[in-house]
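This briefing concerns one predicted protein model. Please view the sequence and the structure together before reading the points below.

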Amino acid sequence: MGKSKILGLFAALGAVAGWAISFVCVEALQKDFSAQEILFLQYLIACLVLLPLHFKAFRLKERKDEWLFVGLGLCGFALCGYFESCAVYYMSAANMSVLDTLAPIVTAVMVMVATRKNLLTRPFVIGALVAFAGAIITCIDGILNLSIQPVGTVAAFLGFASWGLYSIFLDKLNDRGYPPLMILRRGFFWALPFMLFRIFLNAKGVDLAFVGLAAVNLDGAANCARFAKPMTWVNVLTLAVFSSALTFLLWGWACKAVGTVKANLALYLTPVFGVLFAAIFLGEQVSPALLVGGAVILVGVIISNKGK
């Protein structure tokens with residue numbers, strides 16, 4: 001395995017760890033904010049943080065490439081997180097962790113069909129199967145007590161599809177030679193108008209049947225009260241700077257180094273990191289199955305990146 005692939009794997013693991021930390025922050029913020037408010041604040045601040053990192057204006061290689069950035073922002077940032085929030089609202093975290101084992105599979109199929117890339121090498125297939133087995137071990141309790149909730153399941157698969165489309169757009173932009181920073185900044189920029197449109201729909205009484213998850217509180221006194229809490233800013237800035245700007249930058253670099261499909265196998269470690277951080281910050285218990293499953297997933301990710 002070359003140096004660039006090793007660094008890419010570490011970048012993917014860092015990105016997954018960053019997203020796992022976001023679960024702790026979102027859980028705390030949901031007491032005062034809707035899912036849409038959290039997402040909008042998160043990506044607005046992330047966009048502002050990334051803005052001064054490169055003063056030279058980025059140029060499009062072709063004007064039609066702008067549509068790839070639009071799709072990236074819509075699917076990866078505006079839709080994926082929202083559908084995931086909807087799914088978590090309707091089902092338990094355990095059930096969601098079981099369904100999440102299907103996300104890398106859905107993404108791999110969508111990317112290979114859309115890009116016509118044959119990624120089914122022997123190391124990749126073996127590694128993917130090992131990683132999937134590890135994911136099953138980590139959520140064995142959820143599997144034994146699985147309870148399918150139709151609305152939550154539909155929302156979860158819409159989230160998977162959105163992430164799959166985001167991965168396709170990211171893969172195409174990487175193939176065109178755009179730097180990860182440009183891809184991320186422009187993606188965040190295009191996500192914000194779609195989020196504002198959803199907020200506008202909610203203000204007009206169109207809730208998309210997801211029970212207030214897109215609601216925005218415009219009451220001055222209420223906003224002063226919730227934004228006056230120091231922990232509100234700690235959680236929002238952690239989400240924006242660490243779990244969005246830095247994390248997606250690492251993810252873009254990882255996908256460029258090892259490939260979008262292979263990098264997605266690292267997503268199986270999300271519940272592992274999530275429980276570990278919950279144990280550190282919230283005092284929750286860590287099961288032996290989670291640690292064993294996490295080790296098996298890591299082995300699978302390494303195997304999948306063997307060879308070319």
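The points below cover salt bridges, helices and a surface patch.

The model is predicted: local features need pLDDT of at least 70 and side-chain atom pairs count only at pLDDT 80 or more, while totals for chains, interfaces and linings use all residues. Residues are numbered from 1 along each chain as its sequence is written, and side-chain values use heavy atoms, with hydrogens and water left out.

**Salt bridges**

- Five salt bridges are found in a search of the whole structure, a salt bridge being a side-chain nitrogen of Lys or Arg within 4 Å of a carboxyl oxygen of Asp or Glu.
- One of them joins the side chains of Asp32 and Lys229, at 3.0 Å from N to O. Asp32 is in the loop between α1 (3-29) and α2, Lys229 is in the loop between α10 (220-227) and α11, and the two are 197 residues apart.
- Asp32 counts as partly exposed because its relative accessibility is 30%, and Lys229 counts as partly exposed at 38%. Here buried means under 20% relative accessible area, exposed means over 50%, and partly exposed lies in between (1.4 Å probe, protein chains only).
- Glu37 and Arg226 form a salt bridge in which the closest N and O atoms are 2.8 Å apart. Because Glu37 belongs to helix α2 and Arg226 to helix α10, this pair ties together parts that are 189 residues apart in sequence. Both Glu37 and Arg226 are buried.
- Asp65 pairs with Arg176 in a salt bridge, with 3.0 Å between the closest N and O atoms. Asp65 lies in the loop between α2 and α3 (66-90) and Arg176 in the loop between α8 and α9 (180-203), so parts 111 residues apart in sequence are tied together.
- Asp65 counts as buried, at 1% relative accessibility, whereas Arg176 is partly exposed, with a relative accessible area of 33%.

**Helices**

- Helices (H or I, at least four residues) are DSSP runs numbered from the N terminus. The expected span of a helix is 1.5 Å times one less than its number of residues.
- Helix α2 (residues 35-50) has 16 residues and should span 22 Å; its end C-alpha atoms are 23 Å apart, which agrees.
- Twelve of the 16 residues of α2 are buried, so this helix is largely enclosed by the rest of the structure. Among them are Ile38, Leu39, Phe40, Tyr43, Ile45 and Cys47.
- Helix α11 (residues 230-258) has 29 residues and reaches 39 Å from its first C-alpha to its last, close to the expected 42 Å.
- A kink of about 30° in α11 is centred on Thr247, the bend at a residue being the angle between axes fitted to the seven residues ending there and the seven starting there. Just after α11, Gly259 takes a positive phi of about 100°.
- The buried residues of α14 include Leu290, Gly293, Ile297 and Val301. Viewed down the helix axis, the buried residues of α14 fall within an arc of 125°, so they line one face of the helix; the arc is that of the directions from the helix axis to the C-beta atoms.

**Nonpolar surface patch**

- Leu102, Ile105, Val109, Val113 and Phe157 make a nonpolar surface patch of about 410 Å². Patches are made of residues with over 30% relative accessible area and no salt bridge; nonpolar side chains (Val, Leu, Ile, Met, Phe, Trp, Tyr) are joined within 5 Å, and like charges within 9 Å.
- Helix α5 (residues 103-115) gives the most to the patch, with three residues.
- Phe157 is found in helix α8 (residues 150-175) and counts as partly exposed, at 35% relative accessibility.

Definitions and conventions:
Areas by Shrake-Rupley, 256 points an atom, 1.4 Å probe, with all protein chains shown as cover.
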